[in-house]
Amino acid sequence: MSNERPFQELNENLEGSLCRPLRTKWKRRPTGSGGLDTENTPNELIQQWSPPHKKPLTSAKGKENEENVFFLARRPRKRRESSVGLCWDSLPDELLLGILSRLSLQDLLRTSRVCKRWHRLAFDESLWHGVDLVGKAQLDAELGQVLSAGALRLRCPHTCIGQPTFKSTEKLRIQHLDLSNCTVETSVLEDILFRCGHLQNLSLEGLVLSDSIIHSLAQNTEIVRLNLCGCSGFSPESLAEMLKSCTRIEEMNVSWCDFNNLHVQAIANNIPSSVTQLNISGYRQNLIMEDVKAIVKRCPNLTNLDLSDSVLVTTDSFLVLQQLSSLKHLGLSRCYQIHPASLIDFEKFLNLQTLEVFGLIQDSYLPILCKGLPHIQINTQPFSTVARPTSSSRKDRTLWGMHCRLIYKH
C-alpha cells in the first residue's frame, strides 16, 4: 500500500493540470520561497509568436479572471495559388482571347456557357472573322447570333434559314456573304440585307429577291463581286439605281435571271465602268447587238465576258468584241447565229486565252479549230466562275479565296 500511494498522487496531479485553464501570466512569489514558482512567464516570446496586428483580449468577467490575460494567435493560411497553380480568373483578357482563338466552333460555343466573362470573350468580334456553316441544314437564331458577333465572312449555301434574331438595330460588320441557293423567305432576307452596309462580296444565287433588297444593296457602295445568277423578283428601275450607286463592282454575274429585255437594257446602260468580268448569259432573244455594243463601250477593260445562250448575237459582234484589247476569256456557247467556220476569225484576238463555244461545233471539228487557233484553249470550262464564291465541295474551306477558321463539323 505504501508503494501505490505516490503513483496515485502523481496521477491526480497530471489530471488536475490538464483540466485547469492555461494561465499565461504567473504571479511572482516571494524570493525566499524558491523553486520553479520564482520564474517569470516568457511573455515576450509569446507576443513574438502572435501576429503583429493581433491585440491581446482581456477577459474581465468575474473577479477570479481579473488577473488572467489571454493571447489569441492564429496560424497563417497558405495561399491557395501555391497549392492549385495559376487561377484562370487571374489571366488577362488578351491571353484568354489567344487561347480561345485556337478552339473549334463547337468548343468555342461550349466555352461561352462557363460564365459571364467567358461568354463575353467567346463572342468577341476578333474570334469571328470567318465562319463556315456548310453542312448545317437548319439555321434559325444561330444565324443572327453569328452575324451579331461581328463575323466578317460567312459561308452557308444550301441552308434552310428560319427566323434569325438580332439584339440591336446596328449595322452588321459582315463583308463577305454567301447565301447561294438557300431556302429563305424574302422578308427574312430583306431584314438581313437591310442591316448590311459594308458588303464587298455577295452571292444570292437562285434566290427570290425584291426591290427592297436591291435598294439595300445600293447602300453597300463597296461591293466588288456580286452574284445574282438565277435571281428574280425585282424591277429594271431598282436594278439600274443599284448599278449607279455601286460604282466599284469588278465582277458581276447576272446570268439566267428572270429578266426581260428592259432588265438587260438596264444593265447595258448602267453597268459601272469598273467591271472587268461579266456573265450576262442565258437571255435568248432579250440580249441584242445594241446591248453588246453598249456593254463594250461602258466597260472597255473587260477581261472575261460570257454571252452564251443569246441567239441574237451574230458574227457581227466580232468586230465589236475586238475593241476589248484586254479580253482573255470569252463565252459564246449556244449562240446559234454564229457559224462554226467564222470562229477562225478569233486568230485576230491576240490576247484571248480561252474560248467557250459549246453547242456550236461538233467534236470531230474541234481538233481542226484547235489547230487553227493554237494560242487559244477551246471548250475547257462549261460553267462560268465569274463572281461565284468558292465551291462548297472544296476542302480548303475558303470563301472567294479567303480562309474561314470557324468550321461547322457535323
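A polar contact is a pair of N or O atoms within 3.5 Å; within protein, one must be able to donate a hydrogen and the other to accept it, and residues adjacent in sequence count only if both atoms are side-chain atoms. Keep in mind that this is a predicted model, where local features need pLDDT of at least 70, side-chain atom pairs count only at pLDDT 80 or more, and totals for chains, interfaces and linings use all residues. Residues are numbered from 1 along each chain as its sequence is written, and side-chain values use heavy atoms, with hydrogens and water left out.

**Exercise 1.** Find which backbone oxygen the side chain of Asn270 reaches, and decide whether Asn270 is buried or exposed.

*Solution.* Start with the place: Asn270 sits in helix H11, residues 261-270 (helices are DSSP runs of H or I, at least four residues, and strands are runs of E, at least two, numbered from the N terminus). Next, its side chain gets to the backbone oxygen of Ala266 at 2.8 Å. Finally, Asn270 has a relative accessible area of 15%, so it's buried (under 20%; exposed is over 50%, partly exposed in between, with a 1.4 Å probe and protein chains only).

**Exercise 2.** Work out where Gly331 is found and which residues Gly331 touches, not counting those up to four places away in sequence.

*Solution.* First, look in strand S13, residues 329-331: Gly331 is there. Then check accessibility: at 4%, Gly331 is buried. Now list the partners, leaving out residues up to four places away in sequence: Gly331 touches Leu305, Asp306, Leu307, Ser308 and Glu356 (contact means heavy atoms within 4.5 Å).
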